[in-house]
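Let's take a friendly walk through a protein model together. Have a look at the sequence and the structure below, and then read on.

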Amino acid sequence: MPAREKWWDDVIKSDLANYYQSPAKAIDDDGTDEVPSGSKGRFIWGDRVRILDTNGDAKRVSGRGKEYWINTRHLGGEPLLEVYIIDVGQGDGVLVVTPEGHNIMVDGGNTRSYQNSGKNAADFVDWKFYKDYLSFDQRDNEVKIQLDAMIATHNDIDHFGGLMDLINLDDPKNKAELDCSQVSVESVYHAGLSWWFKRWDGNSAIRTLGPIENGHYTKLIDDRQSALQAIQNLANPDTDTLNGAWGRFIKAVTELKKNNGDPTEVSRLSNKTHDFLPGFELNGDKCSIRVLGPIETETSNKPSLKRFPDGDSKNTNGHSVLVRLDYGDRRILLTGDLNTHSQNHIMETYSAGNSFIEEFKSDVAKGCHHGSHDVSYKFLKGLNPLCTVISSGDAESHDHPRPNIVSASAITGRFLEENDRLVSPLVYMTEVARSVKISNIGSMKEYSESQPEFHSEDRATKVHDTAEEKSKYRLFLGSSQSSPLHRPRLDKVKAVKGLRYGLINVRTDGKRLYFAQMEESGKDWAIATLSEEQINRAE
């Protein structure tokens, strides 16, 4: 059973379903594709809603944080497998919602302090549980986020940072960001490879991935007891103590509780520890979650992970947890930050017969490492997806996604053309899907009266140098502004007035595929669909 009781009464069966302020408008809805006059917005295929009221052919429903009327023709659908690739900038954050109602979080992006938007996957999951899953009259100060599983694919903070923001509610800043007041997680999974304290260099801690034996890392955290031992000396670390933010994250994990109040299960994942995520094994027509990596080996009778060349980051990324979601005939692959070294290692491991293609060919693939150029073309050809979704951001030092990888994601995908129109492959990028509205601060009615111009000839006698005047007239941005003349006027400077996140919705009933992202206007959805017949024809 899911950690949270069933929260929905019905499911949207239409690709797009208009909702309205009044039942009369909903009754008059003719089902056209265009947004009609009076519509307040649209639900999308598979949205789960609560029924609040009925008026003839109209029902008042709660869903997506809204309460509006829709025509009953849009209801009567079946719950879908929903995969939300969350716009977390440079990093990964995914929420999986199974048809049965299980909620599984795979990574969470970086901590809020490193996000341009100040938001990460923790905020999206909070929104789901507080505003999407509940109607207005159910929201109070005791709403709990209830996750069936949380997977930290590897020990880089742009993946686990958002998870820490969600579960570490001892931090008042984290708690203040969330509407929900509690979090329960049934099981937390990780790849084992960890940052360990090595030594002090002045006031700075030097970290390591642990000892290397015969070309393999052998010091891996495992279960809950292993994690507790690795954090017991965080205040005064030794070489058996986890280091830095990773240590603080694992500490927060060990303090988590299940929904029933018992301690959360903690487990290491690899291709040897599990064939399937516990509770998500092959079971009739339910969603299963296959564990394909990292690739575990054995060194001196201990589980180990191969050490790849070229530095620590190649190894933390390369040993990402790799899972495949299977529902009906459809497969969705979540790849973490896999790189060329690890992809070659994976292909060698699954080389027997045709097992690599059998295990890794997918309908939808999350792009490896945010579109980094460090990717095996042969590996991408083996995935052969209909759609690739790349989680990318504005970290200028990385320049992801790289253009050759965007191209490779397209030409290694399954091809289908109809009536001179490309149907597949599809390539989505969260960064491209994101949009902002830019405005002059002066036009945002921040001033009670018009502000004077600042002329260069005034600078000797009038530089608006007091604290009060600076707050009104000039914005000091950094040390490069050596002269007040270089400081931009607040009524002239541009500011972000609105942000539309680049969330990508991926949904399937086990046969059909559906993709949706909010249009830049924020008023409607851009959708793409692939029928079972089209998928079968794609090559």
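## An exposed residue and its loop

Asn 419 has a relative accessibility of 78%, so this residue counts as exposed (the cut-offs are over 50% relative accessible area for exposed, under 20% for buried and in between for partly exposed, using a 1.4 Å probe and protein chains only). Asn 419 sits in the loop between strand E26 (416-418) and E27. Its phi is positive, at about 50 degrees, although Asn 419 is not a glycine.

Before going further, please note that this is a predicted model, in which local features need pLDDT of at least 70 and side-chain atom pairs count only at pLDDT 80 or more, while totals for chains, interfaces and linings use all residues. Residues are numbered from 1 along each chain as its sequence is written, and side-chain values use heavy atoms, with hydrogens and water left out.

## The whole chain

The protein chain contains 14 helices and 33 strands; these are DSSP runs numbered from the N terminus, with helices (H or I) of at least four residues and strands (E) of at least two. Of the 539 residues in the chain, 56% are buried. Contact here means heavy atoms within 4.5 Å. Among contacts between residues at least 6 apart in sequence, 65% join residues at least 24 apart.

Which residues of helix H5 are buried? In H5 (residues 224-231), they are Ser 226, Ala 227, Ala 230 and Ile 231. Viewed down the axis of H5, these buried residues fall within an arc of 125 degrees, so they line one face of the helix (the arc is that of the directions from the helix axis to the C-beta atoms). Their packing partners are strand E14 (196-201) and helix H6 (244-254).

How do H5 and H6 meet, and at roughly what angle do their axes cross? The two axes come within 9 Å and cross at roughly 130 degrees, which makes H5 oblique to H6. Axes are lines fitted to C-alpha atoms, for helices over the stretch in contact, and angles run from 0 to 180 degrees between N-to-C directions. Angles under 35 degrees count as roughly parallel, over 145 as roughly antiparallel, 65 to 115 as roughly perpendicular and the rest as oblique. On the H5 side, the contact is made by Arg 224, Ala 227, Leu 228 and Ile 231, and on the H6 side by Gly 247, Ile 250, Lys 251, Val 253 and Thr 254.

H6 itself is mostly covered, with eight of its eleven residues buried. Among them are Trp 246, Phe 249 and Ile 250. The buried residues of H6 pack against strand E11 (149-152), helix H3 (157-167), strand E13 (187-190), H5 and strand E18 (265-268).

## Residues in strands

Ser 288 belongs to strand E19 (residues 288-293) and is buried, with a relative accessible area of 1%. Leaving out residues up to four places away in sequence, Ser 288 touches Phe 276, Phe 280, Glu 281, Leu 282, Arg 324, Leu 325 and Asp 326.

Tyr 428 lies in strand E28 (residues 426-429) and also counts as buried, at 11% relative accessibility. Beyond its neighbours within four places in sequence, its contacts include Cys 387, Ile 504 and Phe 515. The C-alpha atoms of Tyr 428 and Gly 502 are separated by 9.6 Å, and the two residues are 74 apart along the chain.

## Loops and cis bonds

| Cis peptide bond | Omega |
|---|---|
| Gly 293 to Pro 294 | near 10 degrees |
| Ser 424 to Pro 425 | about 10 degrees |

Pro 294 is in the loop between E19 and strand E20 (296-299), while Pro 425 is in the loop between strand E27 (421-424) and E28.

Ser 300, in the loop between E20 and strand E21 (302-306), has a positive phi near 50 degrees and is not a glycine. Ser 300 is partly exposed, with a relative accessible area of 45%.

Finally, Asp 524 is in the loop between strand E32 (513-518) and strand E33 (525-530). Is Asp 524 buried or exposed? At 13% relative accessibility, Asp 524 counts as buried. Setting aside residues up to four places away in sequence, Asp 524 touches Val 35, Arg 42, Met 518 and Glu 519.
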